[in-house]
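Thanks for making time this morning. I have one structure to go through, and I will show it first and then talk over it.

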Amino acid sequence: MSEKDSEYLESGRKLRTVKLITGEYKTVDINSIVGFCHYELHKGFLTVNLFKEHKCDEKECFLLEKFNDYPYWQRKAIADKIKAINKEKRKRKKINEARHIEKKNAFLERLKNDAQKLADSWEFPVLITRVAETAKKEYTIFYVSNYDNNDWYEYRNIAFVLNWRYQSKFTLKHIKLTNGHYASISDWINRKK
């Protein structure tokens with residue numbers, strides 16, 4: 001920025017009469033002045049609109065003299081900082097959400113393994129397929145057994161122990177096949193064959 005431009009900015013005046021790159025002389029608000037273009041074919045001042053129209057920033061034009069002390073560039077610097085901060089916040093939020101999902105999945109896997117260990121220790125003929133959180137501190141234990149009926153009552157002690165151990169509510173749900181019948185362990189094992 002030339003000394004004259006710097007002095008003008010310091011004078012506190014809000015309007016300035018300048019020759020634009022279009023060749024016309026115009027009185028413009030200093031908030032809309034971006035800089036000065038030194039290209040011989042259209043030497044002159046650039047307003048925000050002309051700057052965007054000519055895509056000077058995208059072209060990284062070396063003939064553009066940016067008036068960094070003018071309001072446009074100060075606003076842009078602030079906007080760029082805010083954009084970078086928001087991008088970082090979104091990135092951190094995404095990382096935190098991924099960690100939360102990972103922890104939740106690990107916890108549900110632990111519940112599944114605990115339920116299966118209990119079933120095995122009591123020699124229940126069941127296979128725990130998964131545990132899902134249905135509400136805060138409420139979980140459903142999905143399972144299949146050797147029988148094709150709703151036999152959750154036979155294995156209710158699994159839920160009772162987990163209720164006590166985790167201070168949460170657990171319910172058992174026997175998985176059904178697409179035809180509406182209850183799935184057996186062999187149905188579950190053969191489902192992907």
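Glu-123 is a residue other than glycine, which is the reason to point it out. It sits in the loop between α4 and β6, the strand at 126-135. Is Glu-123 buried or exposed? Its relative accessibility is 70%, so it counts as exposed. Please keep in mind throughout that this is a predicted model.

There is a second residue of this kind. Gln-167 is not a glycine either, and it has a positive phi of about 50°. Its place is the loop between α5, residues 156-166, and β8, residues 169-174. Gln-167 has a relative accessible area of 56%, so it is exposed, being over 50%.

Now back to the helix itself. α4 covers residues 71-121, which is 51 residues. From first C-alpha to last it reaches 74 Å, close to the 75 Å expected at 1.5 Å a residue. Which residues of α4 are buried? They are Pro-71, Tyr-72 and Trp-73, then Leu-108, Leu-111, Asp-114, Ala-115, Gln-116, Leu-118 and Ala-119. As background for reading that list, an α-helix has 3.6 residues a turn, so residues three or four places apart point the same way.

Next, the whole chain. What is its radius of gyration? The chain has 35 Å, whereas a compact globule of 193 residues would have a value near 16 Å. The C-alpha trace spans about 90 × 40 × 25 Å along its principal axes. Of the 193 residues, 32% count as buried. The chain exposes about 13,600 Å², and carbon and sulfur atoms supply 52% of that area. Among contacts with a separation of 6 or more, 50% are between residues 24 or more positions apart.

For the secondary structure, the count is six helices and eight strands. Read from the N terminus, the order is α-β-β-β-β-α-α-β-α-β-β-α-β-α.

On to the nonpolar cores. The largest has 20 residues, and those with the most contacts inside it are Ile-33, Val-34, Phe-45, Leu-46, Phe-51, Phe-67 and Tyr-72. Two or more residues each come from β3 (33-37), β4 (44-47), α2 (48-53) and α4. The largest share, four residues, is that of β3. Apart from this core lies another, of 19 residues, including Leu-118, Phe-124, Leu-162 and Tyr-166. Tyr-72 in the one core and Leu-118 in the other are both on the list of buried α4 residues.

Ser-145 lies in strand β7, residues 138-145. Why does Ser-145 count as buried? Its relative accessibility is 0%, and buried means under 20%. The side chain of Ser-145 makes a polar contact of 2.6 Å with the side chain of Asp-151. A polar atom of the Ser-145 side chain also lies 3.2 Å from the backbone nitrogen of Tyr-147. Leaving out residues up to four places away in sequence, Ser-145 touches Pro-125, Val-126, Asp-151, Tyr-155, His-174, Ala-183, Ser-184 and Ile-185.

That is the end of my notes.

Conventions. Residues numbered from 1 in each chain as written. Predicted model: local features only at pLDDT ≥ 70, side-chain atom pairs only at ≥ 80, totals over all residues. Heavy atoms only, no water. Expected span 1.5 Å × (residues − 1). Buried < 20%, exposed > 50% of the residue type's maximum accessible area, 1.4 Å probe, protein only. Core = buried A, V, L, I, M, F, W, Y, C linked by side-chain atoms within 4.5 Å. Rg over C-alpha atoms; globule rule 2.2 N^0.38 Å. Contact = heavy atoms within 4.5 Å. Areas by Shrake-Rupley, 256 points an atom, 1.4 Å probe, with all protein chains shown as cover. Polar contact = N/O pair within 3.5 Å; in protein donor to acceptor, adjacent residues only side chain to side chain.
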